[in-house]
Amino acid sequence: ISGANTTALVGSELESTDTYALSATSMNGCGTWVSNEVLISVWPALEVGLSSAVEDVICFETPATLDTEGATGGNGEFGTEWLAGPSANELSPVSGANEASWTTSALTEGTWFAPLFTSDYGCGQIAGDAVFIEVLPLANAGMLSAPDSICFDASAQPLMVSEASGADGQFSTLWYAHNGTEWTQVQQGST
């Protein structure tokens, strides 16, 4: 090894497995001695698999389930920690989120998530791809308006409802009537 003429070999970044030995030669011509051989195994570089969400668009106050393929390299043993934040560049650890497949608490706003893998042997850390979970706004069924009372056998004024909003903005509507005991679905136009 060029320049390796001291008793300590430092500053070399190893990228492959090699066997090393030290040869010492007397400056007075008394001979040369060779040390024992040492095999230094270099583990592969850290790499990360894909991260994904079971659903990347969810309803308001719904948990999201996240998955990762994990990491490889090093000695193959990693600790997993999920990170979360308002952007892919502003992530911080989530307490207790240490599994490859993890379900969040109920979300109320869009959030970025990414797994962080730490080598158990000390070979470093590597972060997985960030995944964005879009959270739809809270749904609002709208507000009914109608007269409080009408005369017996009189034509009812139409019930009016303000437009439903939130969620993905697309709704189907069903009308229900309550008879004092239970709710039953009514057809539009029926009395």
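**Entry 1: an open sheet**

I looked up a sheet and found that 3 strands form an open one, in the order β6-β8-β12, with antiparallel pairing. The edge strands are β6 and β12, each of which pairs on one side only. From one strand to the next, the twist averages 20°. For that angle, axes are lines fitted to C-alpha atoms, and angles run from 0 to 180 degrees between N-to-C directions. I noted that strands (E, at least two residues) are DSSP runs, numbered from the N terminus. Two strands pair if DSSP finds at least two bridges between them. In general, strands of a sheet pair through backbone hydrogen bonds, either parallel or antiparallel.

The model is predicted, so I kept its limits in view: local features need pLDDT of at least 70, side-chain atom pairs count only at pLDDT 80 or more, and totals for chains, interfaces and linings use all residues. Residues are numbered from 1 along each chain as its sequence is written, and side-chain values use heavy atoms, with hydrogens and water left out.

**Entry 2: strand β8**

I then followed β8 itself, residues 65-68. Strand β6 (residues 51-53) is joined to β8 by 3 bridges. Another 3 bridges join β8 to β12 (residues 101-103). There, Asp67 stands opposite Ser101.

**Entry 3: Ser23**

Next I looked up Ser23, which lies in strand β2 (residues 23-25). Ser23 counts as partly exposed because its relative accessibility is 48%. Leaving aside neighbours within four places in sequence, Ser23 is in contact (heavy atoms within 4.5 Å) with Thr32, Trp33 and Val34. I also checked Thr181, 158 residues from Ser23 along the chain: their C-alpha atoms are separated by 97 Å.

**Entry 4: a nonpolar patch**

Last, I looked at Leu14, in the segment before β1 (18-20). Leu14 is partly exposed because its relative accessible area is 35%. Leu14, Val38 and Ile40 form a nonpolar patch on the surface, with about 200 Å² of accessible area together. Such a patch is made of residues with over 30% relative accessible area and no salt bridge, with nonpolar side chains joined within 5 Å. A salt bridge is a side-chain nitrogen of Lys or Arg within 4 Å of a carboxyl oxygen of Asp or Glu. Accessible areas come from the Shrake-Rupley method with a 1.4 Å probe.

Definitions and conventions:
Buried means under 20% relative accessible area, exposed over 50%, partly exposed in between (1.4 Å probe, protein chains only). Helices (H or I, at least four residues) and strands (E, at least two) are DSSP runs, numbered from the N terminus. Patches are made of residues with over 30% relative accessible area and no salt bridge: like charges are joined within 9 Å, nonpolar side chains (Val, Leu, Ile, Met, Phe, Trp, Tyr) within 5 Å.
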